[in-house]
Amino acid sequence: MTDTIGLLHPGSMGSAFGAQLRARGHIVLWCPDGRSDTTHRRAEQAGLEPETLPELISRSDVLLSLCPPAAAEGTAAQVAELDTASVGTIYVEANAVSPSRVERMADHLAPMPVIDAAVVGSPPVGGKYPTLYLSGPSKQADRIAELFAGTDVRPHVLGDSIGAASALKLAYSSYQKVSRVLAAVAYGAAQTYGVADELLEIAAKRTGSYLVETDYIPKTAARAWRWRPELEDAAALLADAGLPDSLMHAAAATLSRWDDNRDERLDVAGALEGLRAQGDLDDPS
């Protein structure tokens, strides 16, 4: 069955998703108003059909929002304001936003059904296979999953809870993206002091990801009292090297939430409870 999908708005990820849907025989619309020449080229290369925003909304069976996170609520508000969507149109909120923001958008768009979605991975081009996580009403979530069957986008339904997909995305990206920033400042500090090669040798000995080592969380809590001053000294190192030190101060302030757990034998649940406890994250001293 051919569906009509309104794509809001085709950047590098959105246009690649649109091309995948076009390859499955679906009609994919986009609105060129106010978009850059680069976006125009992407849309043309992906075979997307230009349309005014009101017509795009009224013609679409599915509205797929893939835009910068800061623009997500404004995009949803435009759709809600025009209020010309056909009965049964599904709104797929696929941006990296918090669960509370998705819930606000769903309330604003009601009675239009909203599916919370999250993309993990690179755009589906050149042999890349991103996963599209979906959560929300099961009938609509299954329908969105079916749209991408046989494409390079791998749909995965998480359940019927709005916000689950967004929570998964931000939980992962909070680690992945901050780790990339930490890697940059750590390498910059080592390079400043002429020990970059040695730093890479140390790092090369490790092949796994800290993210999967959840059994280490209680050890981190128990050692926080020793790690915190070390990170404050690391902040001083970065400052001396002309690099930003705010991440180190923030990490030290986070460790302060475990001040009462010095050398304790905790389980994961206990360590996380301490991390959630109220503490002074503004003053790392």
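Guide: A disulfide is a pair of cysteine sulfur atoms within 2.5 Å. The model here is predicted, so local features need pLDDT of at least 70 and side-chain atom pairs count only at pLDDT 80 or more, while totals for chains, interfaces and linings use all residues. Residues are numbered from 1 along each chain as its sequence is written, and side-chain values use heavy atoms, with hydrogens and water left out.

Visitor: How many disulfides does that rule give?

Guide: In general, a disulfide is a covalent bond between the sulfur atoms of two cysteines. Here the count is zero. The closest cysteine sulfur to that of C31 belongs to C67 and lies 13 Å away, too far for a bond. C67 is likewise in no disulfide.

Visitor: Is C31 buried or exposed, and how is that decided?

Guide: Buried means under 20% relative accessible area, exposed over 50%, and partly exposed in between, with a 1.4 Å probe and protein chains only. C31 has a relative accessible area of 5% and is buried. C67, at 11%, also counts as buried.

Visitor: What is the strand order of the sheet?

Guide: Strands of a sheet pair through backbone hydrogen bonds, either parallel or antiparallel. Helices (H or I, at least four residues) and strands (E, at least two) are DSSP runs numbered from the N terminus, and two strands pair if DSSP finds at least two bridges between them. The open sheet has eight strands in the order β3-β2-β1-β4-β5-β6-β7-β8, with mixed pairing. The edges are β3 (49-50) and β8 (154-159); each has a single partner strand, so one side of each is left without a neighbour in the sheet.

Visitor: Which strand pairs run parallel, and which antiparallel?

Guide: β1 (residues 4-8) and β2 (residues 27-30) run parallel and are joined by four bridges, with L7 opposite W30 in β2. Four bridges also pair β4 with β5 in the parallel sense, and S65 has E93 in β5 as its bridge partner. β5 (residues 90-93) pairs with β6 in the parallel sense over three bridges; Y91 stands opposite V114 in β6. The chain gets from β5 to β6 through helix α5 (residues 99-109), and this β-α-β crossover is right-handed, meaning that with the strands pointing away from the viewer, the path from the first strand over the helix to the second runs clockwise. By contrast, β6 and β7 run antiparallel, joined by five bridges, and A117 has L134 in β7 as its bridge partner.

Visitor: Which way do the residues of β5 point?

Guide: In a regular strand the side chains alternate between the two faces of the sheet. I90 and V92 point one way from β5, Y91 and E93 the other, and all are buried. In β6, six of the seven residues are buried, so that strand is largely enclosed by the rest of the structure.

Visitor: How do the axes of α4 and α5 cross?

Guide: Axes are lines fitted to C-alpha atoms, for helices over the stretch in contact, and angles run from 0 to 180 degrees between N-to-C directions. The axes of α4 (residues 72-82) and α5 come within 9 Å and cross at roughly 10°. That makes α4 roughly parallel to α5; angles under 35 degrees count as roughly parallel, over 145 as roughly antiparallel, 65 to 115 as roughly perpendicular and the rest as oblique. The contact (heavy atoms within 4.5 Å) involves residues including A72 and E73 of α4 and R101 and R104 of α5.
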